[in-house]
Amino acid sequence: MSAASQLEIRLHAFVPLSRANGPGPRSVLWLQGCTLACPECFNPETHDRDGGRSATVDAVVSRIRALEPQLEGVTVSGGEPIQQAEALGELCRRIRATTSLSILVFSGYTLQAIERTASGPDVLAHIDVLVAGRYLHETRLGSGLLGSSNQTAHLLTDRYTREEVASTPEIEIQIGPSGDVLVTGMSGGAGLIDYSL
Amino acid sequence: MSAYTTIKTRIASAEHLKRTLLDMGFGEVELHETKQPLTGWRNDAREQSAEIIIRREHVGPTSNDIGFARDEEGCFVALVSEFDRARYNEAWLQSVVQGYAYHVIQDKLAEQDFSVVEQTTDADRTIRITLRRMT
């Protein structure tokens, strides 16, 4: 077994199927750990790098491959995915090599900043869409996969058009069989998720 | 980043709970300001009381009343007799909680600037609602 396949990645959450995190039905990983501390971040509970749980890249790839028939792609959110760039690069490389799924990554860093990191270029080489830039609450947008208007959706392959990316629904609400609710998408701060059920 | 928010549903709104139970097919659901006694299948008064009551004639031919009583934290707790738990069991209670969450969310959405793109139900009964901002 190669050392790369045993690389560990720190996860906050995994949602097997979502329709509000990029074009079409997608599995979504929220990675754990972020030091950017953007004010009013959607997911403050993902910041602690010691939170969440670890999984091998191998295990994550296996889970995604089992879901492939239902999926159009995989989305990686956070936390800050680029702060786990080595494991993320390996994850994306393996998904690219073993499936036909598209890959979309959210990052608080700009494309140029990611290109300057050690493992960032390896991530960029294996993904289709990068939504890049810090979340600036004062320019909140919450649509077209952009949390704020300073962010940019970079199409790194010709898999999607800009319109396809922008037409992603803003929110998905999942009400589980026992009544527990999951809200995902670009809705953070909109007040919709401030339920008192 | 895209948001990831989980919410543990607790039943706090009597009106939404009543609507949920009516949706589930009970012919009549009583809603009281204060706790009222439940009645047993022999028309006997039971020890329990509740603010929301489904009278036994709407539950089953030999059933007792089903109640939902507010606890100290203001949330409703189901009161189902041992006899009726064969049918109105944990799975049924989960359906009540899911239906309640659905009703509350529908009302929240109606207050806000979103339109429903799609609503589907998975094989495991998970309800998915995708939304788009209208402006």
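Chain B has two helices and seven strands; helices (H or I, at least four residues) and strands (E, at least two) are DSSP runs, numbered from the N terminus. This is a predicted model, in which local features need pLDDT of at least 70, side-chain atom pairs count only at pLDDT 80 or more, and totals for chains, interfaces and linings use all residues. Residues are numbered from 1 along each chain as its sequence is written, and chains are lettered from A and ligands numbered from 1 in the order in which they are written.

The order of elements in chain B is β-α-β-β-β-β-α-β-β. Its C-alpha trace spans about 55 × 30 × 25 Å along the principal axes.

Next, the interface. Here 38 residues of chain A are in contact with 32 residues of chain B (C-beta atoms, placed from the backbone, within 7 Å). On chain A, strand 1 (8-18), strand 10 (171-175) and strand 11 (181-185) are the elements that each give two or more residues to this side. Its residues fall into three classes:

| Class | Members | Residues on the chain A side |
|---|---|---|
| Nonpolar | Ala, Val, Leu, Ile, Met, Phe, Trp, Tyr, Cys and Pro | 19 residues |

Strand 10 of chain A and strand 7 (residues 127-133) of chain B run antiparallel, joined by five bridges. In strand 7 of chain B, B:Ile127 stands opposite A:Ile175.

Within chain A, A:Leu91 touches A:Ile9, A:Val57, A:Val60 and A:Val61, leaving aside residues up to four places away in sequence.

Technical notes
Two residues are in contact if their C-beta atoms, placed from the backbone, lie within 7 Å. Two strands pair if DSSP finds at least two bridges between them.
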